[in-house]
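Trainee: I would like to go through the aromatic contacts in this model. Can we test each label against its rule?

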Amino acid sequence: MPPFRESIRRIARNLKTCEEWLELVRDLEAPIRPGQAPADLDLRWAGKQDLFAINLLQGFVKETDFMEESLRKGDRCLLLEKDGKIFAFAWVTFRDFKLALWYTLKLECGWSYLVYIFVHPAYGRRGIASYLLGSLMLALREMGCRRMISGVYSNWEASIGLHRKMGFQIHRRLAQCKIMKILPTPPQEADDERGV
């Protein structure tokens, strides 16, 4: 290879930053143990009237109109509340989901994708996330779902810990790179088979 081309490739590599995205899968037909129900929180499915509050909790990733349309298309959101105030929620979809400009997660029939799970910091470290995720998995199994996929970046240690605790296994690893921390490149499946 000519030295000029090699220099350009080296510069491009140095301008590129990469993150590893893990797709995790859980067999919903296997035993599910949601843990202890929180005494002061009530579990229920979210409706249109809850979307504004859900959006405010953490600046949820989509606008309220998008969320409302997603519920109309069949997405579900399980939430935990106290006195009408939402403290935790888990959003799931059953349709193909666009994760990035270049990548759409294709869901097989009977599969679901955990889009987002959130627990208010005031309720952190109390088993709330485990209870919420376990309750969601049980409800999905009753609805006929056989598998759940979730996705996390490999440096999200708390989220990886939750998924491991709840029985998720690595489905595959993707390297998502950006040039100059702005322009995304298509994700590529990693060859590495390290465990979480």
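Trainee: What makes the charged end of Arg76 count as sitting over the ring of Trp45?
Mentor: The charged end of Arg76 is 3.9 Å from the ring centre of Trp45. The rule asks for NZ of Lys or CZ of Arg within 6 Å of the ring centre and within 35 degrees of the ring normal. Arg76 therefore sits over the Trp45 ring.

Mentor: A word on the basis. This is a predicted model, where local features need pLDDT of at least 70, side-chain atom pairs count only at pLDDT 80 or more, and totals for chains, interfaces and linings use all residues. Residues are numbered from 1 along each chain as its sequence is written, and side-chain values use heavy atoms, with hydrogens and water left out.

Trainee: How many aromatic pairs are there?
Mentor: Seven. Rings of Phe, Tyr and Trp (its six-membered ring) pair if their centres lie within 6.5 Å; planes under 30 degrees apart are stacked, over 60 edge-to-face, the rest tilted.

Trainee: Why is the pair of Phe87 and Tyr123 called tilted?
Mentor: Their centres are 4.6 Å apart and their planes stand at 55°, so the pair is tilted.

Trainee: What about the rings of Phe89 and Phe118?
Mentor: Their centres lie 5.8 Å apart with planes at 35°, so this pair is tilted. Phe89 is in strand S4 and Phe118 in strand S7, 29 residues apart. Strands (E, at least two residues) are DSSP runs, numbered from the N terminus.

Trainee: How do you know whether Phe89 is buried or exposed?
Mentor: Its relative accessible area is 1%. Buried means under 20%, exposed over 50%, partly exposed in between (1.4 Å probe, protein chains only). So Phe89 is buried. Phe118, at 6%, is buried.

How values were computed. Helix = DSSP H or I, 4+ residues; strand = E, 2+ residues; numbered from the N terminus.
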